[in-house]
Amino acid sequence: MKKILIILTLLPFILNSCQKSDKLIIDGITVDYQAELQKIVDTHWDDFVDGRDEIPGGYALQILSPAGNYFVSTGDLINSTKQTHFKAASVTKTFTAAAVVLLHQQKKLSINHFLTDTIPGTSITYLPESDEFDIPFKDKITIKMLLQHRSGMWDLINQDIPDNVNQPYAGMRYVDYVMDILGEPEHTFTTTEMVKVVADNQLFNTPPDEGFHYSNTGMSILGFIIERISGMRYDQFVKEKLLIPNGLNNTTFPYLGNDQTIPSPYADSYAYIDGEILNFTVQNASQNVAEGNVITTPEDLSKWITNLYSGNAGIDYKYVKFLMMDCLPTYESHQNYGLGTVYTPALGYGHNGGKIGFFTSTRYDPETEITYVIYTNVWDFDAFSFDLYTQMTNLYGVVYAAKDILKQ
C-alpha cells in the first residue's frame, strides 16, 4: 500500500458565491444557481457513498463564470469555504510550466535547448556536468520535452525501480525505501538525490520524443533548472514572480521533509482501506517539489487558473496560447497535453492532481470563460475496481452538470 501513498496523477472539483446575480429567469422560470449547484454536489456525493455511510470526505467546488462566482461543498466538507486549504498535488505543474515559460519570454532560457546546452549569457549548462546528472539521453532531451512529458524520462514517484538493478531499493519505489525501510519519514529529498537514482541505474522509458510518458522526475528537473537560472529556491521564485503578482496569498510550496502540516483552515484527507479509515493529512512533500507540492485554496487556485489561461498571469498571451495550450494527444487518461497543461474537450485547460486522500481537477474554458476547481478529500480503496481514473470520472460528472446550468 505504501507505493500507492506516493502516486501523483490526475483529477477532481469545487464552487462558491460572490456572484453578479444568484438567479436567472429562463422561459419564465427563475433558476437559483447556488441552489442548483448545491443540489448537484449533494446528489453526486450521495451516489458515491450510497450504502456506505461510514466513508468520510466530501466534494467542494469553486466556479468562476460570467453568470457569477460560486462555492458549494458537501459531505464532511460542508463547512469548508473557498479559503480552506488543501493539497492540489500535480496542479503544481501549471506553476512550474508558467515559471519556465516566463523565463523563456525573458530570454533567460529557451524551451528548445537541450539539457546539455549552456544557459543564455553564461558558460553554465542547464544540468551540471557531473555523475549525479548523467541521465540517459541527456544531450537529446529538450526543456520542452520535459514540459510535455515526451522526454522518455523515468518517473521515480510512480514507477518501481527494476528488480534487476544492483541496489538495496531494487523492486521498490525509491521514496518508500528511504522513508519506510531506512526509517526516515521526515527525510528531505532533493532533486539532485532523486536524479542520481536515475543516473546511477540508467533508467528511462523510451528514447526522447517517442511518445507521452508522464514523469514527475522530469518536472522536478525543471524546478532545478529554474533555481539554477534564477539563483532562488523554487518556492521563492514562484512566490515572487507568480503568487504575489496574482494575489495568491494562501498558496505555498513546502520543500522540507519535516514541513508536513497544512495552514489553517484546512481539509483533512482520508483513505478508506479494508473497512478502516486512515488519515493522511500529514505527508512528506519534499519528494514532490516543482511537480506536486502545492498547498492552496479554492479561491486562490481558481484565480490562478483563470489568470494563467486567459493571459493575465504576467506571461504574454502568445506564449500561453501557442506554447502552453498547444496540446498533443496522449492516448491515455491525460487526453491532450501541452506544456504542464491538460486539455479536456468541453472542459478546457488546466491540470489534475492526486495525493492520497485528495483528488483535484482544474480547468478554464476560453469559449465559455468558465473556470472550475473541484476536489475531494477521500480515496475509497474498497470500492469495486478502484483506481484514480474512476474516481476522477465521478468528479467530472459534477463539473459537466454544473457547466450545463451555467451556460443557460
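How many cavities of 30 Å³ or more does a search of the whole structure find? The search finds two. This is a predicted model, where local features need pLDDT of at least 70, side-chain atom pairs count only at pLDDT 80 or more, and totals for chains, interfaces and linings use all residues. Residues are numbered from 1 along each chain as its sequence is written, and side-chain values use heavy atoms, without hydrogens and water.

**View 1. The largest cavity has a volume of about 70 Å³.** A cavity is a set of points on a 1 Å grid over the protein atoms alone where a 1.4 Å probe fits but cannot get out; lining residues have an atom within 4 Å of a point. The volume is the space filled by probe spheres set on the points, which are joined across faces, edges and corners. Among the lining residues are K87, A89, V294 and I295. Strand 5 (86–89) and strand 8 (294–296) each give two or more residues to this lining. Strands are DSSP runs of E, at least two residues, and helices are runs of H or I, at least four, numbered from the N terminus.

**View 2. The second largest cavity holds about 40 Å³ of space.** Its lining includes P136, F137, M153 and F204.

**View 3. Helix 6 (residues 191–201) is mostly covered.** Eight of its eleven residues are buried, meaning under 20% relative accessible area with a 1.4 Å probe, protein chains only. M194, V195 and V198 are among them. The buried residues pack against helix 5 (174–181) and helix 7 (216–230). Q202 follows helix 6, with a positive phi near 50°.

Conventions. 1 Å grid on protein atoms, 1.4 Å probe; cavity = no way out; pocket = protein on both sides within 12 Å on 5 of 7 lines; lining within 4 Å. Buried < 20%, exposed > 50% of the residue type's maximum accessible area, 1.4 Å probe, protein only. Contact = heavy atoms within 4.5 Å.
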